[in-house]
Amino acid sequence: MNPNLKVHTLNVKSFRGINHEISLQLGDITIIKGENGTGKSSFVNAIEYLFSNDLAFLKNKTINTNRAAFNWLAEKDDAKIELKFKKKKYVKFENSKRENSTIFNDILKNTYIRNASFILNRKKLLNFIDGTQGDRYKAVMELCGIDKIDKIQSTISASKSTIKRDLDKISEMYENKLTNLSSILTDKHNLSLDECISELNKRLKDNGKDTIEKETDISGFINSLDLSDTTIILSKINDFKRIHDQLDISQLKIKLDNTLNEYEELASDNLKSYHSLLETLQNSFDYIELTNSDICPVCENTINPSEILPEISKKIEDMNENNSKFDNWKCNINQLIFDVESEIDKCKNLNMILDDLNKFTSNAFFKFNFDILINFKDDLNNFLDFKKVPSDFNEFKFDSLNDEITSIKDNLFEYESSQNLDDLSEIYNMLFTIKDLKELEARIFKLTEQFNVVSKTFEIFIKTKEDFIKNMISEIRDDIKNYYEFIHGNDLITAPDIKLTGPKLIDVYLNSFGDLVDSRSFASEGHLDTLGICIFLAFNKKFNEIPFIVFDDVLTTVDLPHKERIGRLIVDQLVDYQFLITTHSSLWAEQLKRLCIDSKRNHIIHELIDWTLEEGPITSKQLDSEDKIEKYLSNNHRDFEAAGNTARRYLEYTLTQICIANNVKVPINDKYDVGTLFDEAKNYTLRIVQGTSLEPYYAHIWGEINKTRYIANILSHYNKESSQLPKNDVKKFCEDVINLNHAYKCDCGKSFLKLDSKSNKLICSNEKCRDAVDMNSFSEIDFGYSEGKVEL
């Protein structure tokens, strides 16, 4: 292990479940133990965020990492995460910034480190062993920090698909244009472009034009032929024909005759006077109503407005009822005026076309005069106002205008035919089609080259990536096998293997009764979990540049014997690595501790026994402070329930440390509590001190705490009785717990005493403390176990 990269301290503040700053000392093997909800994973999350700037378990969720990562009672700027290494080296996050010693500059560029892949949790473990082939592949890629290679592969693949799509689209356009051109030139539909050009050259030659050679620039050739005017002339002639076909001048005479006949039926004189009278009545009504005048505006006689207005209104109403024929006649006249205006507009457009044509044909075509239509429209408007009579329309003859326009159209036909405009225009359009086809050919050629290059690059990339992964798997295969067989050497399911079995597919096998089978086929959940751990450790050996590995409560399904083997692998075989291990199992923590002691590996255990929003994780060391109990019982607080709960946790801690210091064999149970440990610790102690001068002292201490231990049971269940406990009983319980702690605490103040039956001495469990006292050297005065010993 590189001594400069050995971590000795983890400091965390205002992150996840940690509020106030907590500093954890780290050894070769560091164990953080505690029940679920005590904050163990907050320390692991902090390390992950320090290196990856993210928390994997929050990804792909509708959660704001920048808020969820930090303590609820703090802000991001309050957070601090720091790993301290030997020789003042460090990596830290503080004031929303990351800093590190220069030795880590290159190391932190390693994607394995940057992804915090040295941390193993239950989710990662399941991805290794319980996912599909694709899930395993993805997990391995992420673990190795080379998942970006797949992103590059996806980018190349997407580029290849895009080029292929564009190539197919343009090729389809090319084929459609070529087919259309073939059908125009011949009765065939499958001519090549060269064959189409050959056919077009024949038509060019027939029209006295130059032909297209193999190296001819089509754009320049089109400009040299100067057929653009021909196309414009043909277009204008076609426009003239279209508008001419829409002319309806001959129908104007018929519509006029119908209108005149209708007028005769209405008796024009009566109609005019009737209309005039109606108009006079309406004007008179409006005037009287507006001015309230008592003088009639027509006869100038005196009138009563209130009487005359209803009479005029009634007369107007009656006359309007008889005026429907007049309204119908007006409507027909207006429609005829509209039709005439439409014909005038058409004539204007025809003359504009003739103007345009004359620009290209040396004034070959004369415009026509359509004043007759303009005059006709004016007379119709006068007729509507009774300023014209039917006889005034006898002079309008429209046939001559119609014939003149038709004659112009015939002349245009003759000109078109004589100049061969249709053929030349079609040639002109086909030349542009050939120009498009040439350009499409060039694009197809370029895209084909690009597609071939990308395809070859993709093929080489896939081959190189597969070779890299196969080589990588080959390099770690032996380590996986060795680790697994170290753990399962005597089992029937052994010899794991890992293989790349397809693009982005990884299979994991185990030798089951002589056959290589899918690891999920016959192996137990415990076997699969240990296999995942072995894969993880092998990848760490290859990629982890910081010899620091984190196990976050991953051994939940592994039985005690195999946990023992995993512990031996960690402690005895992987001596170049530091391990931080979180667990809720006190047995697993105790196993690791004993293995470390046996192998003389430096180890530190941090026990978390509770968590609160204000304090965060509460460690056993924090509760060693008897000042808390004193504070709760003081006159300023008088919080007996809080004092009792604190004493209960303190009792659990004290009993655990007594058992650990004396190697008391407790029943197998993942949770040490008062009920589990009390009798075992008491019986062991009284058996060891039996017959010594310590016997009465310890008998008294255990006898007193036995009387009040019922309070611990009540306080641990959050029932109604907890708030009704007698205050003096709670106080006595607190005194008894502290007395028990003092009875087993070495004078060094750091460690618990071991009652050594062989030497008959009290020995400090801290190897650095050399104090040892003979069990028979005590008198009653030494004990001082009167009830006044602990004053609260």
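**Aromatic pairs and a helix contact**

In this predicted model, the count comes to 29 aromatic pairs, where rings of Phe, Tyr and Trp (its six-membered ring) pair if their centres lie within 6.5 Å. Local features need pLDDT of at least 70, side-chain atom pairs count only at pLDDT 80 or more, and totals for chains, interfaces and linings use all residues. Side-chain values use heavy atoms, without hydrogens and water, and residues are numbered from 1 along each chain as its sequence is written.

**View 1. The pair of W329 and F383.** The ring centres of W329 and F383 are 5.4 Å apart and the planes stand at 85 degrees, so the pair is edge-to-face (over 60 degrees). Because W329 lies in helix α13 and F383 in helix α14 (residues 371-384), the pair ties together parts that are 54 residues apart in sequence. Both W329 and F383 are buried (under 20% relative accessible area, 1.4 Å probe, protein chains only). One aromatic cluster is formed by W329, F376, F383, F386, F393, F396 and F398.

**View 2. The pair of F539 and F543.** With ring centres 6.1 Å apart and planes at 20 degrees, F539 and F543 are a stacked pair (planes under 30 degrees apart). Both residues lie in helix α18 (residues 525-543), four residues apart, about one turn of the helix, and both F539 and F543 are buried.

**View 3. Packing of α10 with α13.** Helix α10 (residues 250-265) packs on helix α13 (residues 324-361) at an angle of about 160 degrees, with the axes 10 Å apart. That makes α10 roughly antiparallel to α13 (angles over 145 degrees).

Definitions and conventions: Axes are lines fitted to C-alpha atoms, for helices over the stretch in contact, and angles run from 0 to 180 degrees between N-to-C directions. Helices (H or I, at least four residues) and strands (E, at least two) are DSSP runs, numbered from the N terminus. Angles under 35 degrees count as roughly parallel, over 145 as roughly antiparallel, 65 to 115 as roughly perpendicular and the rest as oblique. Buried means under 20% relative accessible area, exposed over 50%, partly exposed in between (1.4 Å probe, protein chains only).
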